[in-house]
Amino acid sequence: MYTKQHTIKAPVTVEGVGIHTGAISKMVFNPAPENHGFKFQRVDIEGKPIVDCDVDNVVDVSRGTTIEQDGARVNTVEHVLAALVGLQIDNVLIEIDGPEPPIMEGSSIKFVEALMEVGVEEQSMLRNFFEVPEGVFYKEDDRKVEIAALPLNDYRLTVMVDYNSPVLGSQHAALNNIEDFAAEIASSRTFCFLHEVEALRKANLIKGGNFNNAIVVVDQVVSPETLDELAELFELPSVEVAEEGILNNVQLRHPNEPARHKLLDMVGDLALVGRPIKGQILAARPGHAANVAFARKLKSLMLKSARKNVPTYDPAVPPIYDINQIEEMLPHRYPFRLVDKITEITDNYVIGVKNVTINEPFFQGHFPSNPVMPGVLQIEAMGQTGGILVLNTVDNPANYWTYFVGVEECKFRKMVMPGDTLVIKCELLMPIRRGIAKMKGQAYVGDKLVTEAIMTASLVKKDNA
């Protein structure tokens, strides 16, 4: 699996009809910056609203997964998202001028081919994997659906389907390496049973469905009159049933193509968790409703796990660096030294402590009747903590300056008051190269996140060193 984030090298366009809406749409995959994720943009709507590919935005799971945000809706997103996940792409903006991505020929392969045509480009930041920490289980007794996620330092999926059909029977499909998605899974087409076609039409679905973009499975005796009606419905000269129980002599691409397509759908639906996954997924009789419900369960655990990673501070534990050792590393002096202790430091992250007291000199001029620590000084405290992490990577820190050259995505979430203890964690987002370090800083009071930002620092050797 890729360890760094990826986008595409250039825009690429696909066009076609949506299987359920029947609307023609043009869809453009665009490169996107790091930490952007997957987003659709409805360019046909005033204001060109953006819809984040997030399980919290799912509004419908009838025969496909539909997302909506700020009044903009995108139907049947799973095949597009499966292609992106299967190629280990992290950041893409998808412009679309209609309500639904084109179905193409019913699988993800046309999207995969288009994306591979322009190529994938490595970005600087590390991928932010969600590593399944424990067994996660989901069950629907009435539909005999069971899904499990187990810890694994990889991404593997196994799917079993059983439709009690003499044509399909029980089928299994597995993806043991995400790098095999394009060759083994992407070309597997969507399918439905013949007896479902009329119901889907009455439900105002599959307006764009035909025998070129879906497999229709015949699991019952069909009269010549019914075949004639189907031919008229789909505007074809004639319709036949092959020996394998497939309409119009469509050749299956794999003996277990339906099971592989269910796996494809699951890859796309689980993309809505919002981060690349490391884990073993086992699913019996999955569908969009169950996939989305399971994705919600995974996201809830992901957020809970993130909260568990809140750095803690025990004043009884001796620090790694005290104020005297910090003074040897940082050039800052009173009243501008804003780190009191370093409690933990590794090659990738550092945890520092800043005790906020009413005697801070800035309280004399900053809201003296309502003392609140200035947000810019919280960022400075994070910067100094991150500076110690960066200086810790060189042999003689006294010979270097650390200059902060950029702050992005800064958010102040809660006021910091006298008596609070800021516990600050700064973590490298990529290896330090040519003296440039990019890190994520987070400051907590207790278990509450109060400030966060992405910071870029430059490590510069002193002239006299």
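Predicted model: local features only at pLDDT ≥ 70, side-chain atom pairs only at ≥ 80, totals over all residues.
1. Residues are numbered from 1 along each chain as its sequence is written, and side-chain values use heavy atoms, leaving out hydrogens and water.

2. The sheet is open, with five strands ordered β2-β3-β9-β4-β5 and mixed pairing. Strands are DSSP E runs of at least two residues and helices are H or I runs of at least four, numbered from the N terminus; pairing takes at least two DSSP bridges. Strand-to-strand twist averages 25 degrees (angles run from 0 to 180 degrees between N-to-C directions, with axes fitted to C-alpha atoms, for helices over the stretch in contact).

3. β2 and β3 (residues 24–31) run antiparallel, joined by six bridges. Across that pairing, Val-14 stands opposite Met-27 in β3.

4. Helix α1 (residues 78–86) packs on the sheet and touches β3, β4 (38–42) and β9 (92–96), its direction making about 145 degrees with that of β4. Contact here means heavy atoms within 4.5 Å. Helix α2 (residues 109–118) also packs on the sheet, touching β2 and β3, at about 165 degrees to the direction of β2.

5. Now the helix pair: α6 (residues 257–270) and α7 (residues 288–308) pack at about 40 degrees, axes 9 Å apart. Among the residues that meet are Asp-265 and Met-266 in α6, and Phe-294 and Leu-298 in α7.
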